[in-house]
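Keep the structure open while you read.

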Amino acid sequence: MSSALLIEQLLNGLQLGVMLFLMAAGLTLIFGVMGLINLAHGSLYMVGAFACAWVSAQTGSFWIGLAASLAAAAAMGALVEILVIRRLYKRDHLDQVLATFALILIFSEGTRYLFGSVPLYLNVPPELAGFVVLSGGSRYQLYRLAIIGVGIAVAIGLWLLISKTRLGMRIRAGESDREMIGALGVDIRTLYTIVFALGAALAGFAGAMVGALQSVQVGMGEPVLILAFVVIVIGGIGSIKGALVGAILVGLIDTMGRFLVPQIFALFMGTSQAATAGAAVASMLIYIVMAIILAVRPQGLFAGAR
Amino acid sequence: MKSIVKMGVIGLALSVSDLAMAEPIKIGMITTLSGGGAGLGIDTRDGFMLAIKQAGNDEIEVVTEDDGQRPELAVQIADKMIQSDQVDILTGIVWSNLAMAVVPSATAQGKFYVSTNAAPAALAGANCHPLYFNAAYQNDNLHEAAGEYANGTYEKMFIMAPNYPAGQDSLTGFKRYFEGEVTNEVYTQVGQTDYAAEIAQIRDSGADAVFMFLPGGMGIAFMKQYAQSGVDIPVTGPGFSFSQDVLPAIGEAALGVKNSGQWAPDFDNEASKAFTAAFEEEYGRLPSIYAVQAYDAAQLILSAAAKADVKDQEAFAAALMEADIESPRGDFSFNTNRHPIQDIYMMEVVDKDGVLTNATLEKVFDDHGDAYAEQCTQ
Amino acid sequence: MSRETYVNIALALLLLAIPFAALQWGSPFYVTLATRMAILALAAVGLNLALGLGGLVSFGHAAFFGVGGYAAGILASHAFNMQPLNLGIVSFAGTNSMLVIWLVAILVAGLLALLIGLISLRTSGVYFIMITLAFAQMTYYFAISWPAYGGEDGLSILVRNQFPGINTMVPLSFFLLCYGVLIAVLILFAFLRDSRFGAALQASRQNEVRVASVGIAPFRIRLAAFVLSGMITALAGALYADLNRFVSPSMMSWHMSGEFIVLIVLGGVGRLYGPVAGAMLFVMVEFLLGGMTDRWQFFLGLGLLAVVLFARGGIVGALAGKVRHG
């Protein structure tokens, strides 16, 4: 095993982590401000990917598609918030789980109705199709590097938004005392719609960027959603910082686990056996880590406002 | 005996013989018409119905239901078809895990099952059944062909499949014939969508080529990421990942990939040309291998129906066994375990007038059976 | 008797009547459908103990359902192949006896529920939902990638397991067996609900501090409820495996966990017969919609949304009126 391979795998883990952060940030923001658990967050990720693939195919430009994915996911988020989610804030978590579970069914079948069952085609933009040479002579894909960069930029942007702007002030106020900001004359309904649309846009953005790497198909959001849950549970629900740390932790553990566990197993059993058993253990690794973290800190690493 | 054979011949000649066809046949088709794998099920249904329609035989009734690629739903539909609809023959399941849920209990309840695709090893060997016929292949066949083809071409191979029984069978099948060195044997997660970690290992492995079995969305994701990664080690695989239904989603990244299969649209025999033309006219698209297999399954049932009464299961099974059909695949007969003996080829993905499709490269196996037939004693 | 009691009796009789009517009118498949209703209802009764009485929204009960299913599948396959099940230190013979299988399913699931409960019950609210979901996913991935028992392909049971004195291959007999188990568990549920344990559990849902202040440890009460709940769902899983003569990891998928919650909410949260009403409606709707359109999940989603937003209290709530708090 060369050091170049190790560096490449670390970058891969970081890239997965950054992508999970985009998903987890929206989830945790929505929970922090509105106290809502949104299972349909993965559907918004799918909406972003489909919007990007479809618009890119129509216009021939990935960048227009990417913009469209942001717009489509944000618009869909706002629409869903106004029609459905708004009625759920005062309900218990059980109703929220069920209603958003129903939304998943509606989104999945609706998308299938519009676009069919065959996966859509979406490729990385030609501007980012190249490679970067790593130390040790290995090459790393520019597009994945760009995802890492975008993710870090989004993290900084979110931090600035929340700590430096008026909207951010209101979001923080909403997190600490929901009744209070209503009394201060802030239009709380609009604020909630904006926060939900912002979370949706982040998810849609992640879906579009990842769609260029993977296949754009119905159901693509569900595995990511569950990983994002693990991330925010580890990080502490409601905490953006926790989401960032949790996402990078999960990204690194998952990638390195898939890469290293079979090799470790191969030290004391046959290759084929180690490959299957190692892959089985690697697939459970992040859940085991989650269990250990929760056994020590039940509220996650960075317990949020609540 | 002679008179029976004669009657069969007459029945065949008349296509609909009122002697042999005293009893109408009811066929239950369970296949995937919704969800991510619907493309395969739709081709299965369309290929099957094309043969039924061409036969113009109104003594045959086909009821079709969607299993949504969910095993428990497939079982429920099978129970309904057996108990309420009282079908004689079940068919149509695409996926091995659904077949494992349905086939053993259907045959145990005394129904024929003619498989249009799924062919798990568990049903080909010691647990084979006199009422279970497979018109497609045995799951290992295409992997074996890829292994045999690699012998003459590559010395060191990187092999990879998802960590589930079909994936393990795949790599076992490949290694059964490949004589060179396997540098890495990697199992990925089922449903995995990001292959960056595996691609990094491929780059590092020093292998001459990659053999990968990643069906459906997994293969699409892998091929795209592989092309983007700039690793120039050639990829080979079984035809599942490069059939007509997934090629558009992979795009140019699939060009030049060599894959094993038992049929491609460019096959130069009369049955294949006629089938491809009829399918394109009926449905307005190129048929995939799944359509061919389903077409042959229907042809097999029709050929047996012309010779025997489906209620006389022993005679009907014997008639099916004769495999008296003109398959678009060319030579086709049944092995002792009621799985096909057929030729297996290497194909190459080419761009034909702007449409990605497979072109035949060379024949790898002539009259190839499978490794499990010996264990089948019933 | 209260109005709810009449509703419950009517529901129990209705479910019992379905298979007899089906046989009378020559559509034997409805017997299988009714069996499915009874088994899913049983699984949801298990969850209802944690969710309805204890307020523990577990989004991971599919794990217990699957464990029960695999207990049946694995023991039956060892019995069929005549190979003992070797666990390193001890080895067991496989078995075809449902009674033994049920016992194993309940014990193994109880142990798993104890482990999951010890960690996840330290949290509450939305954490609890996500953690139970994550643990269920863990067992799901384990089942998929563990090659010994079929992995993703699942495991077939060629002949249904045996129950003394009953031919389980006859659909009506198997239905009656499942129905009997369901009724027995419902009686157990009613007994638990009205016991001191049940009172403490319901009180801990409504006011944790008050329960703690009278000297009852809410954590232990909840843990006990969670373990019992997992055991009942596992029993349903073992029956479900025998109904389909097949187990696969999809029994553990998160859609399954979601379905159990749906059954309870459809029928009425915390109601004794809520899961029964919910399962009867859900299975029927799924069957009828599935027969009409390939896009049935879309309409299922719409219907579900409407129930959550506008029809709280579920079927039993609509039929029997509000719960009397006392």
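The points below cover domains, a chain contact, a helix pair and a nonpolar core.

This is a predicted model: local features need pLDDT of at least 70, side-chain atom pairs count only at pLDDT 80 or more, and totals for chains, interfaces and linings use all residues. Residues are numbered from 1 along each chain as its sequence is written, and chains are lettered from A and ligands numbered from 1 in the order in which they are written.

**Domains of chain B**

- Chain B splits into domain 1 (2-137 + 267-334) and domain 2 (141-261 + 344-375); such bounds come from an automatic or database domain assignment.
- The centres of these two domains, taken over C-alpha atoms, are 28 Å apart.
- Domain 1 of chain B puts 17 residues into the contact, and domain 2 of chain B puts in 18 residues. Two residues are in contact if their C-beta atoms, placed from the backbone, lie within 7 Å.
- On the domain 1 side, helix α2 (residues 38-55) of chain B gives the largest share, 3 residues. Helices are DSSP runs (H or I, at least four residues), numbered from the N terminus.
- That side of domain 1 of chain B has 9 nonpolar, 6 polar and 2 charged residues. Ala, Val, Leu, Ile, Met, Phe, Trp, Tyr, Cys and Pro count as nonpolar, Asp, Glu, Lys and Arg as charged, and the others, Gly among them, as polar.

**Chain C meets chain A**

- This contact takes 36 residues from chain C and 35 residues from chain A.
- On the chain C side, α5 (125-145), α10 (254-267) and α12 (296-310) of chain C each give two or more residues.
- The most come from α5(C), with 14 residues.
- The chain C side divides into 27 nonpolar, 7 polar and 2 charged residues.

**A nonpolar core**

- The largest nonpolar core has 359 residues. Such a core is a set of buried Ala, Val, Leu, Ile, Met, Phe, Trp, Tyr and Cys residues joined through C-beta atoms within 7 Å. Buried means that 20 or more other C-beta atoms, placed from the backbone, lie within 10 Å of the residue's own.
- Val230(A), Leu42(C), Ala105(C) and Leu235(C) have the most contacts inside this core.
- Helix α2 (residues 29-53) of chain C gives the most to this core, 18 residues.
- Leaving aside neighbours within four places in sequence, Val230(A) touches Val250(A), Ile286(A), Tyr287(A), Met290(A) and Ala134(C).

**A helix pair in chain A**

- The contact of α1(A) with α10(A) has 16 nonpolar, 8 polar and 1 charged residues.

Methods: A residue is buried if 20 or more other C-beta atoms lie within 10 Å of its own, exposed if 12 or fewer, and partly exposed in between; C-beta atoms are placed from the backbone.
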